[in-house]
Amino acid sequence: MARVTVDRSRIAVIAHRGASEDAPEHSLAAYRRAIEDGADGLECDVRLTADGHLVCVHDRRVNRTSNGRGAVSALELAELAELDFAAGRPLSGADPAAGPEAPDTVDPERSAVLTLERLLRLVAEADRPVDLAIETKHPTRWAGQVEERLLALLARHPVPGQVRVMSFSARSLQRVHRAAPQLPTVFLMHFALPRHRGGRLPAGVAVAGPSVRMLRRDPGYVARARAAGHPVHVWTVDRPQDVELCVELGVDAIITNRPRTVRAQLADR
Ligand code: G3P
Ligand code: CA
């Protein structure tokens with residue numbers, strides 16, 4: 001199992017798709033803002049374009065987050081670069097009653113598709129080490145190409161903070177672990193550890209990544225995972241009462257759309 005740096009004196013705050021409450025998700029602006037807001041790390045989702053580039057896009061299609069249509073995997077990077085990713089759509093899972101984000105001015109830092117390579121450069125240029133938690137999305141369709149390209153990019157663009165690879169797919173994490181055993185991996189869980197896993201994370205996985213919903217239902221999971229040697233990184237924690245729950249349970253990292261607010265709540269305790 002790869003060693004994970006854990007500072008027990010404080011809970012790490014990881015910005016989910018950047019400071020995505022304040023700027024379009026996965027935009028350069030959202031990540032810059034997260035760094036300014038004091039995030040310890042940045043979370044991003046990666047998908048492969050038709051011409052083999054890794055871009056930071058959450059959904060299979062670009063319909064929700066841009067003014068375009070179609071699957072990321074069917075579009076080339078040059079086609080994605082033509083789209084406006086600050087098209088004023090709400091974050092997935094956000095309360096529709098809250099209304100759409102105000103229309104954006106044309107600012108490429110907010111509207112341009114972000115490649116993983118550009119994000120790595122941003123992190124390398126930061127004035128302090130910032131961790132990066134990279135989630136592979138539906139990688140099973142690509143027979144290892146996502147992981148292969150991801151590891152090649154990381155080798156070409158080293159960053160001073162810790163990089164972790166996250167996934168809901170055990171197969172994806174096992175591919176990463178086989179090729180780069182020194183790289184910590186995070187197994188993401190929606191509701192529970194899959195029954196067939198018998199209470200254990202997939203072999204080689206360093207970190208447990210439960211949703212906060214899972215912890216509301218099964219708060220004892222944090223102690224069990226930590227007793228088995230796994231730090232616990234929880235997503236997506238935006239509500240003050242959920243931050244409080246995470247503190248009480250002794251989690252190691254909180255993944256949130258609101259890094260500034262969560263950092264302030266943690267500082268006030
Ligand atoms: O950080 C893990 C979390 O991002 C997983 O859910 O759908 O936001 O990628 P999702
Ligand atoms: Ca994600």
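Trainee: Leaving aside its neighbours within four places in sequence, which residues is Leu-42 in contact with?

Mentor: Contact means that two C-beta atoms, placed from the backbone, lie within 7 Å. With neighbours within four places in sequence set aside, the partners of Leu-42 are Ile-14, Ala-15, Gly-18, Tyr-31, Ala-34, Val-123, Val-130 and Leu-132.

Trainee: Good start! What kind of model is this?

Mentor: Residues are numbered from 1 along each chain as its sequence is written, while chains are lettered from A and ligands numbered from 1 in the order in which they are written. Local features need pLDDT of at least 70, side-chain atom pairs count only at pLDDT 80 or more, and totals for chains, interfaces and linings use all residues, since the model is predicted.

Trainee: Which residue in strand 2 is the bridge partner of Ala-15?

Mentor: Strands are DSSP runs of E, at least two residues long, and helices are runs of H or I, at least four, numbered from the N terminus. Two strands pair if DSSP finds at least two bridges between them; strand 1 and strand 2 (residues 41-48) have three, in the parallel sense. The partner of Ala-15 is Leu-42.

Trainee: How many of the residues of strand 1 are buried?

Mentor: Buried means 20 or more other C-beta atoms, placed from the backbone, within 10 Å of the residue's own; exposed means 12 or fewer, and partly exposed is in between. Ala-12, Ile-14 and His-16 point one way from strand 1, and Val-13 and Ala-15 the other way. Both sets are buried, which gives five of five.

Trainee: Is Arg-216 buried or exposed?

Mentor: Arg-216 sits in helix 7 (residues 212-217). Because 11 other C-beta atoms lie within 10 Å, Arg-216 is exposed.

Trainee: Why do the buried residues of helix 10 line one face of the helix?

Mentor: In helix 10 (residues 259-267), Pro-259, Val-262 and Arg-263 are buried. Looking down the axis, and taking directions from the axis to the C-beta atoms, these residues line one face because they fall within an arc of 100 degrees.
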